[in-house]
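Hi,

Here is the structure I said I'd pass on to you.

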Amino acid sequence: MENSSIIQRSIARPEFGPFVLLVVELAVFWGFNHDFLSPQNISNILAFTVELGLIALAMTLLMTSGEFDLSVGSLFGFSPVLMWTLFNSGLTSLEAGFVLALLVAAFIGLVNGWFVTQLKIPSFLVTLGMLLVVRGTALFVTSGFPQRTWSAEGSWLAEALVGDFFIGPFRIYMSLFWFIAAAIALGYVLTQSRTGNWIQAAGGNPNAARARGVNVSGVKIGLFILSSIMASLAGVISSLRTSAANPNSGTGYELEVIAMVVIGGTALTGGRGTIIGTVLGILILRVMRNGIVLIGVPGLAYNIFIGAIILGMMALHSWLERRHQAGT
Amino acid sequence: MAEPLVRMENIRKSYGRVQALVDANFHVNEKEIVGLLGDNGAGKSTLIKVLSGAVPLTSGDIFIRGKKVDLRSTSDAIAHGIETIYQDSALVTQLSIARNLFLGREPIKPPRFLNRMDQEAMNVVARDLLKQVGISKDIPPTTPIGSLSGGERQAVAIARAMHFDSDLIILDEPTNNLGVAETQGVLSFVRSARDSGHSCIFIAHNIHHVFQVVDRIVVMRRGKVVADDIDPKNTNVAEVERIITGMSDKEIRDAIVQGKQPQG
């Protein structure tokens, strides 16, 4: 009896569906091609996973509060461009350029949050506008050309963010630890802290939250800032790892990140979010991208699978939600 | 006579040219349940919104225990001990009972900089409160509000008001859409709130529910309080309906007949 209720409770959790899907995915890809679980391939998947993952973690909190941010992909491209432009022109050191890039990102998040909470404009429109402003600035500043990036060798910043080392046969980048630390910290904030309760209340019923004295606007502005900073950090990490700062990089990431978050079980309408689910969602999409190429499906077919996964997971989440509401 | 808990004097509220409240006077005594009645558009909702800080008044004064107060927001009203419970809007359905009870005032576990909620303490208090308001079923405090019935949600909202020592609990249509047993449950929560020292304003379309629970009935018509001292023990539903509509028995009968004619 007790056992069956534990199983029932696990099935009812929003993370259950994504977990099963990930296991199935791993099994299928491994079945087709045993190299899929080779140390080299796993290292490859992890390296790029954490960069989009950092954005998805912050987006989970923002979406739980009932908003989302379409400008993250453009910041992913813009921040490294800004950092390298400052450094290459001799205006700042690489580290100071990095800090400035994060500050500019924070300001952009603040502007997003201010428009959404004070002017009451939907976040879809505000961040769509910001996407164009930021991407446009990156293209204008660089005239559309990638920035010179080769001089980061030996900088402690590059070591701390993307330094790599081997654990057995696995090549691990430092960014993986930043990702794990961010996942633990934000998971803690969402489920254990008072702020987490406010984030969920702000997304679930903002009027009720406001009536209880919760500063709903403050919470949302804070999360817009967090989202921008994480996108900026992810962009810088990616640029240091690949030694490239392309003003076009990150195009379309916003939708991929939102897909990761909703596949993981966070409600698009706000009020309910899960960091564990998002980590699973990140892995599902990255493993899919890597796996279909490895088993010989043309890479261009990737979006078909992603679309099908999103539709399937949404159907599952909505079914679970209805069961949940019915109190079963 | 003792100073009432809340006194509203010459309250005016206009929306553009529409006068929603015209010199309304209203009071609630300590440990008293007041039934506020009136037809649609009589001004009861506006009066309650003014008192709960949701809309600003155009002119007039509000006193709490004789002291003049300025209620600019719902948080202001809550800080002055006035809690308003609307049918559906007071709770966050995705959060658990305990998290809703403490929303905005969550206890923190030391060390404080970790900002960690003391969930065990919240659950213990929540379990106690649920018993106090008489929820008979054994519902764990970690249950999300979304899986509770309408009556149970009302109970949680009332429990929250009682726990945080609200002096005045305003219930706006608390028995709407509830079944017979659930309605009786809500009425008994209201009585237990009064018995533990709280005052209540009870607004309901169903006059029978009001009669079962209130100490005094106040009737509003066209933005004014037209009767504020009706003892439910010394009157009947028909009499109160007459005051609400402002019509005589014969006029009411005629109105009903006229209303039926088109169908007949």
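Below is what I found, chain by chain.

First, a word on confidence. Keep in mind that this is a predicted model. The predictor gives the complex an ipTM of 0.84, along with a pTM of 0.84. For chain B, the average pLDDT is 85, and 91% of the residues score at least 70.

Let's start with the sheet in chain B. It is an open sheet of 6 strands with mixed pairing, and the strand order is 6-9-10-3-11-12. At the edges sit strand 6 (82-86) and strand 12 (224-230) of chain B, each of which pairs on one side only. If you ignore direction, neighbouring strands in this sheet are turned by 20° against each other on average.

Strand 3 (residues 33-38) and strand 10 (residues 199-203) of chain B run in the parallel sense and share 4 bridges. If you want a residue pair to click on, go for B:Leu36, whose bridge partner in strand 10 of chain B is B:Ile203. Then look for helix 8 (residues 237-245) of chain B: it lies across strand 3, strand 11 (216-221) and strand 12 of chain B. Relative to strand 11 of chain B, helix 8 runs at about 30°.

Chain B has some antiparallel pairing to show you as well. Strand 1 (residues 6-15) and strand 4 (residues 59-64) of chain B run antiparallel and are joined by 5 bridges. Here B:Glu9 has B:Asp61 of strand 4 as its bridge partner. Strand 4 of chain B is also joined to strand 5 (residues 67-69) of chain B, again antiparallel, by 3 bridges. In that pairing, B:Ile62 stands opposite B:Val69 of strand 5. Strands 4 and 5 of chain B form a hairpin with 2 residues between them, and B:Arg65 in the turn has a positive phi of about 50°.

Now over to chain A, and a helix pair. Helix 3 (residues 39-64) and helix 11 (residues 216-242) of chain A pack with their axes 8 Å apart, at an angle of about 175°. Because of that angle, helix 3 of chain A counts as roughly antiparallel to helix 11 of chain A. Among the residues making the contact are A:Leu54, A:Ala58 and A:Leu61 from helix 3, and A:Phe224, A:Met230 and A:Ile237 from helix 11. What kinds of residues make up the contact of helix 3 with helix 11 of chain A? They divide into 17 nonpolar, 2 polar and 2 charged.

The C-alpha atoms of A:Arg289 and A:Gly299 are separated by 7.6 Å, with the two residues 10 apart along the chain.

Last, the place where the chains meet. The contact takes 21 residues from chain A and 20 residues from chain B. On the chain A side, helix 9 (194-204), helix 10 (206-211) and helix 14 (302-325) each supply at least two residues. Helix 9 of chain A gives the largest share of that side, with 6 residues. The chain A residues that touch chain B divide into 5 nonpolar, 13 polar and 3 charged.

Cheers

Note on methods. Residues numbered from 1 in each chain as written. Chains lettered and ligands numbered in written order. Predicted model: local features only at pLDDT ≥ 70, side-chain atom pairs only at ≥ 80, totals over all residues. Pairing = 2+ DSSP bridges. Axes fitted to C-alpha atoms, helices over the stretch in contact; angles between N-to-C directions. Contact = placed C-beta atoms within 7 Å. Nonpolar A, V, L, I, M, F, W, Y, C, P; charged D, E, K, R; others polar. Parallel < 35°, antiparallel > 145°, perpendicular 65-115°, else oblique. pLDDT = per-residue confidence, 0-100.
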